[in-house]
Amino acid sequence: MSSTGPTTEPLPGRPGPAVRVALPVPVLSQPVRRFLATESGSAVLLLLATAAALVWANLPGGTYQTVWETTAGVTLGDAGLTMDLGHWVNDALMAVFFCTVGLEISREVTVGHLRSPRAVVVPALGAVGGLVVPALLFFAFTAGTPAAVGWGIPISTDTAFLVGMLALFGPRCPDRLRLFLLTLAIVDDIGAVTVMAVFYSHGVSVPALLLSALLLAVLVGLRLAGEWRLTPYVVVGIALWGAVHASGVHATLAGVLVGLVVPATAVEPEQRDRVRAFGRALIERADPTRVRLATSAVRASVPPNDRLQAALHPLSAFLVVPLFGLANAGVSLSGETLRAAVGSPLTWGVVVALVVGKTAGIAVAAGLALKFRLGDLPGRVRYGHLVGGAMMAGIGFTLSLFITDLAFDDPVLQAEAKIGVLAGSLLAAVLGALVLRVLGERLPLCSPDLDDDGGLPALPSGPWTDPTRT
């Protein structure tokens with residue numbers, strides 16, 4: 001009888017023969033590798049890229065704008081796509097980031113901790129509050145001015161910065177708080193992308209939208225048919241990105257949709273039995289056909305969601321997100337620009353909306369959902385965690401900068417809005433971190449009645465005996 005539990009035998013070395021030539025490359029220590037394997041590594045890279053963009057944009061010569069306005073394209077005959085480097089980062093590479101986030105949320109909702117509808121209600125309602133309240137506060141500051149059109153700037157939460165900041169807190173930040181805020185962030189991002197599509201898109205193409213809907217239907221059909229190979233999802237996903245981009249809607253929406261559609265359901269045990277059978281056949285006689293069949297059997301034993309996430313997450317965390325920061329955070333910080341920003345209702349509207357609006361909107365909406373028992377936050381999440389996380393959700397970067405460029409053609413208004421985004425995000429990060437540290441372990445649990453996932457288990461019935469004496 002075969003065991004179904006995990007094997008305790010040590011794994012051999014990496015597959016393949018040893019490399020004959022040793023290249024003189026530096027070897028990272030184990031702590032450094034562990035650090036880079038977490039979101040905190042990505043957050044630090046993003047911070048460094050943001051600082052580099054600010055320094056670069058303020059150097060004489062204007063090379064920052066020149067580089068990111070350089071055009072590049074892909075052509076095939078008479079057909080092709082040409083954009084400047086900044087748009088290649090914002091529209092194409094960032095679709096990979098949003099796909100990665102969609103994959104993680106899809107997995108948690110399907111087979112993870114968020115598969116219970118009650119676990120999704122609280123972050124979803126919190127996200128709605130975090131969309132509405134900042135927009136209202138921003139409009140209160142800018143009503144009657146040309147800057148009022150930028151009301152969508154402070155509604156978004158930057159998922160990469162948020163998750164990275166949470167990772168820096170280590171054990172004091174419960175995993176369930178991370179899942180809550182990650183779910184909140186993706187609902188927030190979907191809302192922000194929808195706002196961009198409806199209010200900040202110009203010249204929307206109806207035929208391209210219809211083609212996008214058809215391609216999305218194809219993706220759903222692949223999922224319903226039980227397709228386990230990644231190639232069909234990737235091919236249709238790239239076509240969906242092209243159709244969404246051609247429609248005039250921001251193309252990153254395609255990444256979110258692909259991530260949510262790729263299947264995350266657990267694989268049947270029969271697939272693992274096939275791995276054993278094809279592996280034995282390969283051991284008996286190794287040939288290209290048996291290698292291909294054994295490789296396919298191994299891949300089929302892991303859900304497509306997990307395989308695609310393993311491939312995209314390093315690319316997203318350590319390349320895409322830092323590149324985005326480098327391409328978008330550059331803003332002139334001359335004395336004249338800073339003086340104009342200090343007296344600008346646009347800048348203050350963004351700062352107050354990110355710091356106060358996000359905190360109040362998320363905390364109040366989520367708190368009401370908990371109070372009226374519309375949902376719950378299992379585990380050891382406390383109200384202090386909820387308030388600190390809501391404040392940290394005021395880190396608005398990615399879509400905030402997107403909408404800034406879409407809302408304003410005036411470089412002065414763009415600079416004032418970006419200064420507000422950077423200042424408000426920094427303030428939200430610092431205050432959120434302090435609240436998590438000070439109040440994180442002091443306020444009561446959000447869901448004290450639960451006895452699953454961290455709650456106190458029921459006491460066993462008596463009589464009680466000492467197990468060491470039996």
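## Basis and confidence

Residues are numbered from 1 along each chain as its sequence is written, and side-chain values use heavy atoms, with hydrogens and water left out. Because the model is predicted, local features need pLDDT of at least 70 and side-chain atom pairs count only at pLDDT 80 or more, while totals for chains, interfaces and linings use all residues.

The mean pLDDT (the predictor's confidence in each residue, from 0 to 100) of the protein is 81. Of its residues, 84% reach 70 or more. Confidence is lowest in helix H1 (residues 30-36), with a mean of 53. It is highest in helix H15 (residues 345-371), at 95. Helices (H or I, at least four residues) and strands (E, at least two) are DSSP runs, numbered from the N terminus.

Over residues 450-470, pLDDT stays under 50. The model has 12 contacts (heavy atoms within 4.5 Å) beyond four places in sequence for that stretch. Where pLDDT is low, the predicted coordinates should not be read in detail.

## The hairpin

Strands E1 (residues 71-76) and E2 (residues 79-84) run antiparallel, joined by six bridges. Strands pair if DSSP finds at least two bridges between them. Thr 71 has Asp 84 of E2 as its bridge partner. Two residues lie between the strands of this hairpin, and Gly 77 takes a positive phi near 70°.

## H18 and its partners

Helix H17 (residues 398-407) and helix H18 (residues 411-439) have axes that come within 10 Å and cross at roughly 170°. Axes are lines fitted to C-alpha atoms, for helices over the stretch in contact, and angles run from 0 to 180 degrees between N-to-C directions. H17 is therefore roughly antiparallel to H18 (over 145 degrees; under 35 is roughly parallel, 65 to 115 roughly perpendicular, the rest oblique). From H17, the contact uses Ser 400, Leu 401, Thr 404 and Asp 405. H18 supplies Gln 414, Ala 417, Lys 418 and Val 421.

Helix H14 (residues 335-342) also packs with H18, at an angle of about 75° and with the axes 10 Å apart. That angle makes H14 roughly perpendicular to H18. Thr 337, Leu 338, Ala 340 and Ala 341 of H14 meet Ala 415, Glu 416 and Ile 419 of H18.

## H4 with H13

The axes of helix H4 (residues 85-111) and helix H13 (residues 304-328) come within 8 Å. They cross at roughly 140°, so H4 and H13 are oblique to each other. The residues of their contact divide into 15 nonpolar, eight polar and three charged. Here Ala, Val, Leu, Ile, Met, Phe, Trp, Tyr, Cys and Pro count as nonpolar, Asp, Glu, Lys and Arg as charged, and the others, Gly among them, as polar.
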